[in-house]
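Welcome! Take a moment to look over the chain below, and then we will walk through it together.

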Amino acid sequence: MLYQFNEMQRYALMPLRIGAQFQSQLLRSPFNPFAETAQARTLAAACELFSDTTQYHGKPDFGLHETVIDGKAVPVAEQILLRKPFGQLKHFKREINRKDPKVLMVAPMSGHFATLLRGTVETMLPDHDIYITDWRDASAVPLYEGGFDLDDYIDYVREFISILGPETHVMAVCQPGVPVLAAIALMAEDEDPNAPATVTLMGSPIDTRRHPTVPCDLAMDHSLEWFERTVIHNVPLGYPGAFRRVYPGFLQLGGFVSMNLERHMDAHLKQFEHLVEGDGDNADKHRQFYAEYNAVMDLSAEFYLQTIETVFQKQSLAKGEMMYRGDRLVDTTKITKTALMTVEGELDDISGPGQTVAAHDLCTNLPKEKREHYEQKGVGHYGVFNGSKFSKFIAPRIGKFMRKHGK
């Protein structure tokens, strides 16, 4: 009933949010003689903040319509190369005749939409041909489309890589690290001619025994049955995926916020101050950030539970015990040609330092000259793939690595 209660609450708040918007506009109206008083500005700011924080956010747009190459603006068009029930392969096609490294960004399926990597795509677009896994909200997938688990995720990754061909460079951001490395190991063992040239793992939980963080401890402190009983719910009527068992996005968002509650409270307090002061630029930046942060998607129950068990409770890949489809061992020692780069953030509180670099210990037959590791000082989890330090330090290193090992 929790999912249904959340829906009832959202609809119940709608008239209050609309009323708050109207009140804010009335208080700020140039025809209001009291608009510039401290009391009016404060009350208007409170109404506006209430409206913003109770706003429902659906899937955002990437909104990347152009990039700058050699000082010139180049149009960018989004193209869908392949549609599948739980995700699609999207291409950011640049209107320019130029051969740059072909990059498949595997976005995390851990609550947020692939647009979480908007800044990552934007940074790398000028010098790379970018493709991305655009995952779908499980509540939008009808039951007749079947289920989706960790093995299906691996299959999707393999299929997307195969479509792009052997010159592909794969970037796995956070959660996809384990399934991406598993997919490449299976391709290597099968001597698949489309095995990628390189793979870059960024802030990924390859071995959660190293520097365990709050999410790791949570997974270890509770049984799989506890997770199934506590966080798995059925999608209510009114959605295409009605009755599908999911880990709801609103629960995930609650978990994200609770991990850094004080920081989020401070951010909203500063937003209130910006609104009172009439600082529109900073207020808009806050809205843009939280419009993305609060846009979350449901995960299929089988994918979420299998990930909890395989990645966080059993550390199956790190121990050399991960099974694909229940009867095939994922053998990372088979990776001998796909160059490997790992990237970590010094202050990462989601995938702690040491968890990602562990991938090198698993690929024992990969030559030393095909390996690279980089730790960025002064950044947390988000800074590993976005922000000024990503643009200035991390992205150029990844680009150099890809060109060095390109086919």
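Before we start, one term: two residues are in contact when they have heavy atoms within 4.5 Å of each other. What you see is a predicted model.

Leaving out residues up to four places away in sequence, H381 touches C174, G203, D348, D349, I350 and S351. One of these partners, D348, makes a polar contact with H381 from side chain to side chain, at 2.9 Å. Is H381 buried or exposed? Its relative accessibility is 14%, so H381 counts as buried.

Another residue in that list, C174, deserves a stop of its own. C174 is placed in the loop between β6 and α5. Most residues other than glycine have a negative phi. C174 is not a glycine, yet it has a positive phi of about 65 degrees. C174 is also buried, because its relative accessible area is 10% and the cut-off for buried is under 20%. R325 likewise has a positive phi, of about 55 degrees, without being a glycine. R325 lies in the loop between β11 (323-324) and β12, and with a relative accessible area of 37% it is partly exposed.

Next, follow the chain to strand β4 (residues 102-106). Four of the five residues of β4 are buried, so this strand is largely enclosed by the rest of the structure. Strands of a sheet pair through backbone hydrogen bonds, either parallel or antiparallel. Which way does β4 run with strand β5 (residues 129-135)? The two run parallel and are joined by four bridges, with M105 having I132 as its bridge partner in β5. To get from β4 to β5, the chain passes through helix α3 (residues 118-124), and this β-α-β crossover is right-handed. β4 also pairs with strand β6 (residues 168-173), again in the parallel sense, over five bridges. There, M105 stands opposite M171.

Back at I132, its contacts beyond four places in sequence include F62, F92, L104, M105, L117 and V121.

Now turn to T338, in the loop between β12 (328-329) and β13 (339-345). T338 counts as buried, because its relative accessibility is 5%. A polar atom of the T338 side chain lies 2.7 Å from the backbone oxygen of P196. Apart from neighbours within four places in sequence, T338 is in contact with I184, A195, P196, A197, T198, V199 and L366.

For a contrast in strand direction, look at an open sheet of three strands in the order β8-β9-β10, where the pairing is antiparallel. Its edge strands are β8 (233-234) and β10 (299-300), each pairing on one side only. Between β9 (residues 245-247) and β10 there are two bridges, and Y247 has L299 as its bridge partner in β10.

Finally, let us look at charged pairs. How many salt bridges are there? The count comes to 23. In one of them, K84 meets E159 with the closest N and O atoms 3.0 Å apart. This pair links distant parts of the chain, with K84 in strand β2 (residues 72-84) and E159 in helix α4 (residues 150-164), 75 residues apart. K84 is partly exposed at 23% relative accessible area, and E159 is partly exposed at 31%. R158 counts as buried, at 16% relative accessibility, whereas D190 is partly exposed, at 38%. Salt bridges can also join into a network, as they do here for D70, R94, R98, D100, D127 and R403.

Note on methods: Residues are numbered from 1 along each chain as its sequence is written. This is a predicted model: local features need pLDDT of at least 70, side-chain atom pairs count only at pLDDT 80 or more; totals for chains, interfaces and linings use all residues. Side-chain values use heavy atoms; hydrogens and water are left out. Two strands pair if DSSP finds at least two bridges between them. Buried means under 20% relative accessible area, exposed over 50%, partly exposed in between (1.4 Å probe, protein chains only). A polar contact is a pair of N or O atoms within 3.5 Å; within protein, one must be able to donate a hydrogen and the other to accept it, and residues adjacent in sequence count only if both atoms are side-chain atoms. A crossover is right-handed if, with the strands pointing away from the viewer, the path from the first strand over the helix to the second runs clockwise. A salt bridge is a side-chain nitrogen of Lys or Arg within 4 Å of a carboxyl oxygen of Asp or Glu.
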